[in-house]
Amino acid sequence: MTTPRTVTVRTIDHGDVTITCPDWCTTQHQDGGYRADVFHQGEPVVLRFHGRHVGDASIVHAPFAERSSREPEASVTLLLATLSAVDLYDFAATLDRHADRLRTLADRLTELRGGSQ
């Protein structure tokens, strides 16, 4: 068993805040923000289309956010693009291929939340 990683983040509203990172957290925590903006983020699932990075999904948790569910959630980002009809069909097929990877991420998230979705 490894020792949990703790970090101290300097915030502008609460001074130094020490947090314990979950084992899935891979982010480098930045100083200088508000405590509510401190978050953990896991390794992203990178979504590619025609060899370009068009989005990603990762597990995140903002333990001090006012609107937080207090449980890990998923963050999904898709970059905007203008596509022809042919490219849009191709993009839809690409999303189908990424779906299994996103389901695997959802399974991990469900596990982290103790089985609740």
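The model is predicted, so local features need pLDDT of at least 70 and side-chain atom pairs count only at pLDDT 80 or more, while totals for chains, interfaces and linings use all residues. Residues are numbered from 1 along each chain as its sequence is written, and side-chain values use heavy atoms, with hydrogens and water left out.

The protein chain has 1 helix and 6 strands, counted as DSSP runs (H or I, at least four residues, for helices; E, at least two, for strands) and numbered from the N terminus. Read from that end, the order is β-β-β-β-β-β-α. The radius of gyration, taken over C-alpha atoms, is 17 Å, well over the 13 Å that the globule rule gives for 117 residues, so the chain is more spread out than a compact globule. That rule is 2.2 Å times the number of residues to the power 0.38. Along the principal axes, the C-alpha atoms fill a box of roughly 55 × 30 × 25 Å.

Buried residues (under 20% relative accessible area, 1.4 Å probe, protein chains only) make up 28% of the 117 residues. The accessible surface (Shrake-Rupley method, 1.4 Å probe) comes to about 8,200 Å², and 51% of it belongs to carbon and sulfur atoms.

On that surface, Val 76, Leu 78 and Leu 95 form a nonpolar patch, with about 260 Å² of accessible area together. Such patches join nonpolar side chains within 5 Å, from residues with over 30% relative accessible area and no salt bridge (a side-chain nitrogen of Lys or Arg within 4 Å of a carboxyl oxygen of Asp or Glu). Leu 78 sits in strand β6, residues 73-78.

Definitions and conventions. Patches are made of residues with over 30% relative accessible area and no salt bridge: like charges are joined within 9 Å, nonpolar side chains (Val, Leu, Ile, Met, Phe, Trp, Tyr) within 5 Å. Buried means under 20% relative accessible area, exposed over 50%, partly exposed in between (1.4 Å probe, protein chains only).
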